[in-house]
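I opened this notebook to keep track of what I looked up. The entries follow the order in which I went through the model.

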Amino acid sequence: MHIYINDIKFDVNENDTIIQVADRNDIHIPRFCYHKRLSIVASCRMCLVDIENMKYPQPACSTIVKEGMRVNTNNRSAEEAQKNTMEFLLINHPLDCPVCDQAGECELQDVSLEHGDYKSAYKELKRTVIDKNIGELVSTEMTRCIHCSRCVRFGEEVAGIKELGMTGRGEDTKIETFINEGLSSQLSGNVIDLCPVGALNNSLYKYSARTWDLKQMSSISSNDCLGSNIFYHTYNDEIKRCIPKEDEEINLSWLSDNDRFGYEGIKSEERILHPLIRHNENLEKTDFNSLSDKFIEYLEKYSSGSCAIMSAQSSCEEMFLFQDLLRNKNVRKIDHRSKECDFRYQKNFPAIPSFDIKLADIQSLDNIIIVGANISKEFPILSIYFRDASKNNSTNIFSLSTYEFEENFPLEKSDTLNSQELENYFTDSNNKSNINLDKSKKNLILIGPAISYLSNYSNILNNFSEYAKSINANFALLGDQANTSGAWAMGILPHRLPGGVSIDDHDDSYELLSNKDDLLILYNLEPEYDFSDDNRIVDKLKESKVNIFFSSYMTESIKKYADIVFPLSTQVESSGSYLNTNKKLQHYNKIINPLGDSREGADILLGLCNTIGKGYTHDSIREKIKKILAEINISNNYVQIKNLMKNNSSDYLEKMIIRNPNSSNPTLRRCNSIIKTHDNDDYFSLPSNKDVSSDDKFIFNEKNNKFKLTIKQKTHTKPINAVLVKIGGTHKQKIGAYSTEIDL
Amino acid sequence: MIHDILSENVRKEIDSIRSKFPHDKNKSSIIESLLIIQHENRGYLNEELIGALAEYLNVQKIDVYEVATFYSMFNLKPVGKNTISVCTNVSCMLRNSDQIVEYIEKKLKIKIGQSTKDNKFYLKDEMECLAACNGAPMMQVNHVNYENLTFEKIDKILDGIKDD
Amino acid sequence: MIKVCTQTFDHKDPSSIQTYTKLGGYSAWREILNQQTPKSQVIGVIKDSQLKGKGGAGFLTGLKWSFISPNESQKYLVCNSDESEPGTCKDRDILRYNPHSVIEGMLIACYAIGASVGYNYLRGEFIGDQWKVTNNAIKEAYEHNFIGDNILGSNVSIDIIPLIGAGAYIVGEETAMLESIEGKRGMPRIKPPFPAVQGLYGKPTIINNTETIASVPYIIKNGIDWYKNLGEGDAHGVKMFCMSGHLNKPKVIEAPLGTPFSKLLDECNGILNNKKLKAVIPGGSSVPVVKGEVIMDTPMDYEPLMKIGTMLGSGGVIVMDETTCMVSVLERISRFYYAESCGQCTPCREGTGWLYKTLVKIRAGQGNQSDLDLLNRVANQIEGHCICALGDAAAMPVKSFLTNFWDEFEYYVEKKQSMII
Ligand SMILES: Cc1cc2nc3c(=O)[nH]c(=O)nc-3n(C[C@H](O)[C@H](O)[C@H](O)COP(=O)(O)O)c2cc1C
Ligand code: SF4
Ligand code: FES
């Protein structure tokens, strides 16, 4: 089938609209309401084009092609129509371009220059709209709105919660939220990109630069294991804003709010700007060289008596160098799983845990069981795919979790369970309400990162793997941090070298935080936030002889316990690569220079390696990583463990952390506007075998540590007898390490 | 709590409205439910009522708010107890409806669009034709039609409305 | 005078089911159920009778029904009782005096298109009277098992459900009505897809005007030829004309299509106070105005009215005598479309306000010649460029008023006052 646009013949598909054909072939048709990822409303009337034998020009965005159709996008009739629409749009649009952030990239401005008339015959008063506060992230200037409704459709169709709506009618139509409400969707920032004019603006960026002065650089998100593609816009070595980089494999045209605004934390006052070394009571400034010497000296001294824990926020380069350095000095206890406490699964774990399905193929699944994850909150981009699957393919989505999560896609069934119930979900024959999936369908079981925090993680993995296998389901593991897959592949593990190569002499009763180690190395980890068992880590810090930190931010515990502190630059101040959950290695470049004397982790580690005679270069490391990854061979993610003991934890309460996506990234924890907008507290849920009610005091027993809890409020009803304890990601006070009593 | 905001009676009526539509089409009940709620709340809606209906129907609040601001019979601010709508569209205009409005404005000492001080009357600025063109000039008082109006007739109708 | 939709009007207790059945009501429905008449045959009868939609567009009803997509099992019928085109007041009479004809018509239509549910959407302002009558009539019909499950033992099940709006002219537009039934703002949808393919809740849906629906049982009962022959001259069938404005006796007249305008005027005892006829808007305020002398002998039918530059529309005939200031009438009409624009598409949202504000300015004595050109230009920029016909409805009066009464507008902008004193 073919049509003619401006007398040129084009091949077209049956259900193409004119604008799709034009876009594919770089023929420019102005538009406002049309967006390729939103439904078509054809309301702005900007894309009117002339079609042979039609009395009036027709909207290109909604007109479906017909064999032999002759379209003209720039003859008199089309141009007249476009000019007229422009004139209408401008009558009520303020002429405040000089003070508008959109200026320079305003679609209205562009189209007006191209198609509009400079003089307007409109002499009446312009409409003005009083602005309302819709939150910290998106600021409004609603007088500028041209009613394209992209923002409203985005909420309904993509974000899955409609927060902005169209109210009033006729000329008084407004875009607003319900009376006093702010935006709360984790995808809310996308309306800034969608808005073709300066009505919805980026609060962080507002009035801070002019668009034509900005430099654009691409990067990769560090806020979840999907690795969204992003562009940073900088001016004078400062990040001014962040927008999505189109990527058909991952984030499409979208970004989560964490990704968009997450850089705010790099400017935190807590940033460590110099190498520090302990002198008596205090940490004092020093230089890198003496720090490196000291570090190597300690390594040599304590060698196998060391414990090194590295965050999976680190790049593959850092990871490779870190383990290489340490293994050279005979350090065997190397790990990244700071939030885990059950490691019995580890030998049977895949070399690269992953989400083994292309995101685009989620659409073709029949059933998905989510285990222990709040997709909309933890993986907002993934939730878009889930929503589409449910909408377009009627995919049934089930959720099994420790808390009643709300999702922005429909759930076929949602069960709230404690860890024990979860473990037995598919093995307990008495459990009648269980999900029964058809073997002949395309099924997926997805294990969320929060499950790894549980003390019966191994049992859950094993049982769900078994079930998955029995119904031919894909078994997927979502990483806790940006580079969790990388950490497994790069050997940030006690029992495996890079490439998943096993080390034989490994001990089965491995516990990360239990034994006394002389030297403790924490890389990009904050004891306050990054350990679920924070009593233990504080004990460890106290007990060890020397504590070495690599960190971007100063915290109370670092101040108190560190002997040496290497000041790390943050991700946007570094280059490196992440292995995302789809096993895609994505490289990112340094966007701005490191603050103060902080340094890229890879630089520090490379230096350290070379002082012991390694002779690495950044390029050689990159090549090594590629080679290692190419050699890894995995067929599936099933984790089946022989001779697994049933977990028995009934004699004490177990805390189940409801994972807060902020908790995985130190920079994200320090973004004030995100924290104010989204509910960013960490939660514990405490299933108890006695009936818990308000004002109950009871002892909370976390393995060997005890602390007292007073229940002021019981915020949820399931699982039965559970208590939800809210602890702020922002609060300095946290259960365990710093307080034994918590008021709720 | 939603049960304190929407009376049992209202909830029952909403339930019966719901039964008119397919079971998964809760939004469809918004318009009629709002009419009921507005009626019970002396002629106007507020944030709390809109929120409560949204919760009761399990739809987003903004969905209800969008509807409440679109249809002209919904008032989002308090208005007088008895609504007077004088049709001023073409057919009525040709039969002097403007004088009818003027007369009522004077009589009630308000301008069109306002409510009387004692909150007894609300003189709605009616944009639409009220579909009684052959009885022009006409008005609706609480949605009851009065046609072929004269000043005397208006006096009789409005004076006949009791305070309650 | 011939009576179709108005058959019950002069009877005692016209809205009761007894009156309706006494006059032969529900016999068409019974017959269809008894005979299990094939759907295609019912549609064929309506098609051949040349029944045209009475809501404004005048589309052949039977043809519309035949477009119903056969693919889906769930289908809907919607009866458009939103009646709000200024100058139109016929559906309200049918609803309050002959509600059972609407119900029977809906049942037959549902049957013919294979819908199990028919909604009758009444405009919000009908809540005082017509809403009660409609609800009551539907209840009666349920009690007689003309509606409901296994109707009269025929295995056919249909529900007829009344709905009420809350004040919005635009909801009369068929796709806006569907949006409204779905509980949303009454914003028209883009077509295609047409409702017959994708309508209410995405299912195939037929929407007809109340008068159209009410005609259906009479046609089924009396036959194709009976209805066709009711028209005068070349015309087929009848239409209810809402005679309003400067008339001695304004009223709703059901008359053969093709009846000359002069005859309708006589029925209303001529122009009020024996003044001279100046202008007529023959089909509700959206259609172009014509001068009195032009329409006088024109047969009131689709084609002849088109020939004189206007339309039959909804049958709202607004009659204006020599004392009428055309500038102020146009101002009022423009105000209406400005206030009732739904606000989604640009030309209508912005253009209707521009027209109205310009007319206000002219009326306030602040206009000039260029404003008249501006009005024409803006009207042309709106017409044909919008999602629904409201834009056209706002533009057509402006253009026709200016064309037909240019002198009067020119006088106004020059002298800063009306030609009419
Ligand atoms: C702005 C606008 C308002 C309308 N209002 C009405 C109305 O009040 N009643 C009606 O029956 N049709 C109205 N229509 C026409 C409907 O869209 C539709 O054509 C009609 O209901 C179809 O029924 P019919 O074929 O039986 O005439 C309106 C159309 C437009 C564009
Ligand atoms: S705020 Fe922006 S995106 Fe939303 S409708 Fe207005 S112009 Fe469009
Ligand atoms: S882009 Fe086509 S009408 Fe808006």
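**Entry 1: ligand 1**

How many nonpolar, polar and charged residues does the shell around ligand 1 have? I work from a predicted model here. I sorted the shell by class and found four nonpolar, eight polar and six charged residues.

Next I asked which residues come nearest to ligand 1. The shell has 18 residues, and the nearest are Gly55(C), Asn80(C), Asn208(C), Asn209(C) and Thr212(C). I then looked for the element of chain C that gives the most to this shell. That is strand S4, residues 205–209, with three residues.

A polar side-chain atom of Asn208(C) is 2.9 Å from an oxygen atom of ligand 1. Lys54(C) takes part through its backbone: an N or O atom there lies 3.2 Å from an oxygen atom of the ligand. Gly172(C) also has a backbone N or O atom in the list, 3.3 Å from a nitrogen atom of ligand 1. How much of the ligand does the protein cover? On its own, ligand 1 has 610 Å² of accessible area, and the protein covers 90% of that.

**Entry 2: ligand 2**

I moved on to chain A. Around ligand 2 I found 13 residues. Cys145(A), Cys148(A), Ser149(A), Cys151(A) and Cys195(A) come nearest. By class, this shell divides into 11 nonpolar and two polar residues, with no charged ones.

**Entry 3: domains of chain C**

I wrote down the domain bounds of chain C: domain 1 covers 17–229, domain 2 covers 238–321 and domain 3 covers 326–415. Then I turned to domains 1 and 3. Over C-alpha atoms, the centres of these two domains of chain C are 35 Å apart. In their contact, 13 residues of domain 1 meet eight residues of domain 3.

What area is buried between domain 1 and domain 3 of chain C? It is about 830 Å², and carbon and sulfur atoms give 71% of it. On the domain 1 side, Tyr169(C), Ile170(C) and Pro188(C) supply 53% of the area buried against domain 3, more than any other three residues.

**Entry 4: two cis bonds in chain C**

I checked the peptide bonds next. Most peptide bonds are trans. The one joining Lys191(C) and Pro192(C) is cis, with omega about -10°. The bond from Pro192(C) to Pro193(C) is cis as well, with omega near 0°. Where does Pro192(C) lie? I found Pro192(C) in the loop between helix H8 (174–181) and S4 of chain C. Pro193(C) is placed in the loop between H8 and S4 too. S4 is also the strand that gives the most residues to the shell around ligand 1.

**Entry 5: chain A against chain C**

I looked at how these two chains meet. The contact takes 32 residues from chain A and 33 from chain C. Together the chains bury about 2600 Å², with 52% of it on carbon and sulfur atoms. Which residues of chain A lose the most area to chain C? They are Phe88(A), Arg169(A) and Glu171(A), together 28% of what that side buries.

**Entry 6: domains of chain A**

Chain A has four entries in its domain list: domain 1 (2–91), domain 2 (276–340 + 489–620), domain 3 (359–477) and domain 4 (661–743). I looked at domains 2 and 3. Their centres are 34 Å apart, taken over C-alpha atoms. Four residues of domain 2 are in contact with five of domain 3. The two domains of chain A bury about 370 Å² between them, 47% of it on carbon and sulfur atoms. Within domain 2, Lys339(A), Glu340(A) and Asn582(A) lose the most area to domain 3, together 81% of what that side buries.

**Entry 7: chain B**

I finished with chain B. Its secondary structure comes to eight helices and four strands. In sequence order the pattern is α-α-α-α-α-β-α-α-β-β-β-α. The C-alpha trace of chain B spans about 50 × 30 × 25 Å along its principal axes. Chain B is divided into domain 1 (2–70) and domain 2 (82–159). The centres of these domains are 29 Å apart, over C-alpha atoms.

One residue of chain B went into my notes. Ala131(B) is not a glycine, yet has a positive phi of about 60°. Ala131(B) sits in the loop between strand S2 (121–124) and strand S3 (139–141).

How values were computed. Residues numbered from 1 in each chain as written. Chains lettered and ligands numbered in written order. Predicted model: local features only at pLDDT ≥ 70, side-chain atom pairs only at ≥ 80, totals over all residues. Heavy atoms only, no water. Near = heavy atom within 4 Å. Polar contact = N/O pair within 3.5 Å; in protein donor to acceptor, adjacent residues only side chain to side chain. Areas by Shrake-Rupley, 256 points an atom, 1.4 Å probe, with all protein chains shown as cover. Helix = DSSP H or I, 4+ residues; strand = E, 2+ residues; numbered from the N terminus. Nonpolar A, V, L, I, M, F, W, Y, C, P; charged D, E, K, R; others polar. Domains from an automatic or database assignment. Contact = heavy atoms within 4.5 Å. Buried area = accessible area lost by both parts, 1.4 Å probe.
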